[in-house]
Amino acid sequence: MSSILERVATQLESALGADALRRAPGSSGDGSHFIAPVCSPANAEQVATILRICAEAKVAVSPFGGGTAVNVGNVLRQPCLGIELTRLHRILEHDHANLTI
């Protein structure tokens, strides 16, 4: 993992706690593999913190699903941070008339 990603990972662990960050397999543009940090925020404020820290460090953010097809599709051109939104599973508001949540 690049030194900038290590620095961002350290900042994120400090801001969100160690349980919100894990390492996952990834792929770079030259076909080599690296371990990318993946954040799992628990609320909207943590999403904002992740995006702020990454923007300040000029680190790209990519959506991360189950991790089963990380080497399929468009290959990453640079290491980036994955963001997994599975912990954001509560419905806070439901607008029945417009069919939005």
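View 1. At 35% relative accessibility, Arg22 counts as partly exposed, a class that lies between buried (under 20% relative accessible area) and exposed (over 50%), with a 1.4 Å probe and protein chains only. This is a predicted model, in which local features need pLDDT of at least 70 and side-chain atom pairs count only at pLDDT 80 or more, while totals for chains, interfaces and linings use all residues. Residues are numbered from 1 along each chain as its sequence is written, and side-chain values use heavy atoms, with hydrogens and water left out. The side chain of Arg22 meets that of Glu84 in a salt bridge, at 3.1 Å from N to O; the term stands for a side-chain nitrogen of Lys or Arg within 4 Å of a carboxyl oxygen of Asp or Glu. The pair links distant parts of the chain, since Arg22 belongs to strand β1 (residues 21-27) and Glu84 to the segment after β4 (81-83), 62 residues apart. Glu84 is buried, with a relative accessible area of 10%.

**View 2. Glu56 and Arg52 in helix α2.** A salt bridge joins Glu56 to Arg52, whose closest N and O atoms are 3.6 Å apart. Both residues lie in helix α2 (residues 44-57), four residues apart, which is about one turn of the helix. Glu56 counts as exposed at 57% relative accessibility, whereas Arg52, at 43%, is partly exposed.

**View 3. The elements around these pairs.** The protein has two helices and four strands, where helices (H or I, at least four residues) and strands (E, at least two) are DSSP runs numbered from the N terminus. Their order from the N terminus is α-β-β-α-β-β.
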